[in-house]
Amino acid sequence: MIYLDYAATTPVDARVLDAMLPYFRENYGNPSSVHRLGQKAETAVDSAREKVAAVLHCRADEIIFTSCGSESDNLALRGAAMARRNVSGEKWILTSKNEHHAVSKTAQQLEKEYGFLLEWLGLDEHGGVTIDSLNKAVCNNTALASVMYANNEIGTINPIADLAAIAKANNILFHTDAVQAAAYLDVNVEKLGVDLMSLGGHKFYGPKGVGALYVRKGTMLLPHMTGGGQEFGLRAGTQNVPYIVGFAEALHLAAEERESRTAHVRPLRDHIIGNVLETIPDSKLTGHPENRLPNHASFVFKDVDGNLLLQMLDSAGFACSSGSACKTGNPEPSEVITSLGYSRDWALGSLRITLGMDSTVEHVDSFLKALPTLVEKARKLHN
Ligand SMILES: *Cc1c(COP(=O)(O)O)cnc(C)c1O
């Protein structure tokens, strides 16, 4: 099997696993315990927090460990929206339809069940949030805006620093979902100017089931998991020590090796984009042509059933995706592809190829050799 789905998840880096292993059976203490075994675990969590803070250029006590990227998004949106409404009565939430469901469904629930008001920000032809749309949407009753750093389905990178500056000028909170972006982009929160930022371990060679939320000092959040006082009272529950250690090591390595990892995937990615557009008739790149994640290629093919193409690719030994992993089996085109304005005969035929550390020229070549025939076959079956 040739894995071309690194945006869905990544394998755990061997160095990350090595860092985690001692915290399962030797140093298994509860970080909240007073005894030495507990202190050892607490020290591990503390240094993981410092490691993450060093990458983000923030203070260690601004990092909240969570159970996944989705939980970080939930804590950011629910926590900030509720706290803002409690303190100053603000009710508007601004976000876009291209967000991961962890953000968009959360915003929709806050509107439907909790009495908040929701406005979708405008998108450009590459699926990016425009500066103009945020400028237009902010009002003095806005609680927060949430815009993802880079889109998982189409790779488009949003101008986070510019958007956050608008939020700041209008005194509203700004959250960014950097779960997909953190593997390749700079997550320096000072440069980005965000108040809240979500991360998830398994998108950058860390384990699944662990995430983090950056919370700028002074940002009020209502905890959505109540109980013990862990994570500065913002997220109750005994910390998952080995996973937190793994998360921090994976993020540290991602930052340290950012340039070499980018230099590895970008030319492979460019080769895929150039070759597919040239050799496959009725094919289009989705997302921004340049301003996109360096490991990310995504397309639509006219008159192709995207799910069928995925199955054919799978049989031929290639693991790809048609957008976000959760969408497989759903015959409707995703909101993200729909937002790009394609008609149905195009939108149903989406394909995402995402590269990673173990991708090789040989992988890419054999994929490019197989794809045109499979698209042709899928097209015949479609008509
Ligand atoms: C994967 C992903 C998430 C969800 O992260 P989990 O750790 O799987 O919950 C959220 N946002 C984006 C952009 C993602 O790519």
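A nonpolar core is a set of buried Ala, Val, Leu, Ile, Met, Phe, Trp, Tyr and Cys residues joined through side-chain atoms within 4.5 Å. The views below show a predicted model.

**View 1. The largest nonpolar core holds 90 residues.** Leu56 and Phe367 have the most contacts inside this core. Helix α9, residues 241-256, gives the most to the core: nine residues. Both domain 1 (2-8 + 258-382) and domain 2 (14-256) supply at least three residues each. In general, nonpolar side chains of soluble globular proteins tend to be buried together.

**View 2. Leu56 and its contacts.** Neighbours within four places in sequence are left aside. Leu56 then touches Ile63, Val187, Asn188, Val189, Glu190, Met197, Leu199, Tyr214 and Leu251. Another core, of 21 residues, lies apart from the largest one. Its members include Ile64, Ala80, Phe116 and Ala143.

**View 3. Helix α5 and its packing partners.** The helix spans residues 101-114. Buried here are Ala102, Val103, Ser104, Thr106, Ala107 and Leu110. The buried residues of α5 pack against helix α4 (69-88). They also pack against strands β3 (92-95), β4 (117-120), β5 (142-146) and β6 (173-177). Just after α5 comes Gly115, with a positive phi of about 75°.

**View 4. A nonpolar patch on the surface.** Val12, Leu17, Leu21 and Phe24 form the patch. Together they have about 330 Å² of accessible area. Leu17 sits in helix α1, residues 14-20. Leu17 counts as partly exposed because its relative accessibility is 39%, between the 20% and 50% cut-offs.

Definitions and conventions: Residues are numbered from 1 along each chain as its sequence is written. This is a predicted model: local features need pLDDT of at least 70, side-chain atom pairs count only at pLDDT 80 or more; totals for chains, interfaces and linings use all residues. Side-chain values use heavy atoms; hydrogens and water are left out. Patches are made of residues with over 30% relative accessible area and no salt bridge: like charges are joined within 9 Å, nonpolar side chains (Val, Leu, Ile, Met, Phe, Trp, Tyr) within 5 Å. Accessible areas come from the Shrake-Rupley method with a 1.4 Å probe; for residues, only the protein chains shown count as cover. A salt bridge is a side-chain nitrogen of Lys or Arg within 4 Å of a carboxyl oxygen of Asp or Glu. Helices (H or I, at least four residues) and strands (E, at least two) are DSSP runs, numbered from the N terminus. Buried means under 20% relative accessible area, exposed over 50%, partly exposed in between (1.4 Å probe, protein chains only). Domain bounds come from an automatic or database domain assignment. Contact means heavy atoms within 4.5 Å.
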